[in-house]
Amino acid sequence: MKTAGTPRKKAAAAGPRKTRTAPREGAKRELVEKALVVITTSLDEDKAEDIVTLDLRGRASFADHMVVATGIADRQIAAMASHIEDKLNEIGIKRITIEGANGTDWVLLDTGDIVVHLFKPESRALYALERMWGKDLDDSATDDADTTDL
């Protein structure tokens, strides 16, 4: 029996295909560590506020590290993103995706192993990525599990 609809609609209704993907290959550990230093140093030089680095290894498949920082104005945030991109290119990291650099409250840089979020203060408070991905969440989840009576 044939199902009505276009092939595209049928594919959407069927859901994603179960394909086997290879695990993401990380860059050399030394290059990742060097990139983290370059990113945090660049943010510090650009007067970013409240720079936080989160270790996501073993907790997320999209990256090994996340850096979150705050900028005051759109231009400052765009400049921070541009400076990070330039400095990462200098050390050999060329494939950097930048989203939101055209005057938004949130700019994201993705190097593959490191994701950088640059926020305005209001947006940072709204999204609260540190609470979502920080170690405090893991510790409180463990504490909650220990205190739960069955």
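Predicted model: local features only at pLDDT ≥ 70, side-chain atom pairs only at ≥ 80, totals over all residues.

Guide: Happy to! Two strands count as paired if DSSP finds at least two bridges between them. Strands here are DSSP runs of E with at least two residues, numbered from the N terminus. Residues are numbered from 1 along each chain as its sequence is written, and side-chain values use heavy atoms, with hydrogens and water left out.

Let us settle on strand β2, residues 65–70. On one side, β2 is joined by six bridges to strand β5 (residues 114–119), and the two run parallel. Within that pairing, H65 stands opposite I114 of β5. Strand β2 also pairs with strand β1 (residues 49–55), this time in the antiparallel sense, over five bridges. There, T70 of β2 is the bridge partner of E49.

Now, how covered is the strand? Buried means under 20% relative accessible area, using a 1.4 Å probe and protein chains only. Six of the six residues of β2 are buried, so the strand is largely enclosed by the rest of the structure. In a regular strand, side chains alternate between the two faces of the sheet. Look at each face of β2 in turn: H65, V67 and A69 lie on one side, M66, V68 and T70 on the other, and all are buried. Both faces of β2 are therefore covered.

Note on methods. Buried < 20%, exposed > 50% of the residue type's maximum accessible area, 1.4 Å probe, protein only. Helix = DSSP H or I, 4+ residues; strand = E, 2+ residues; numbered from the N terminus.
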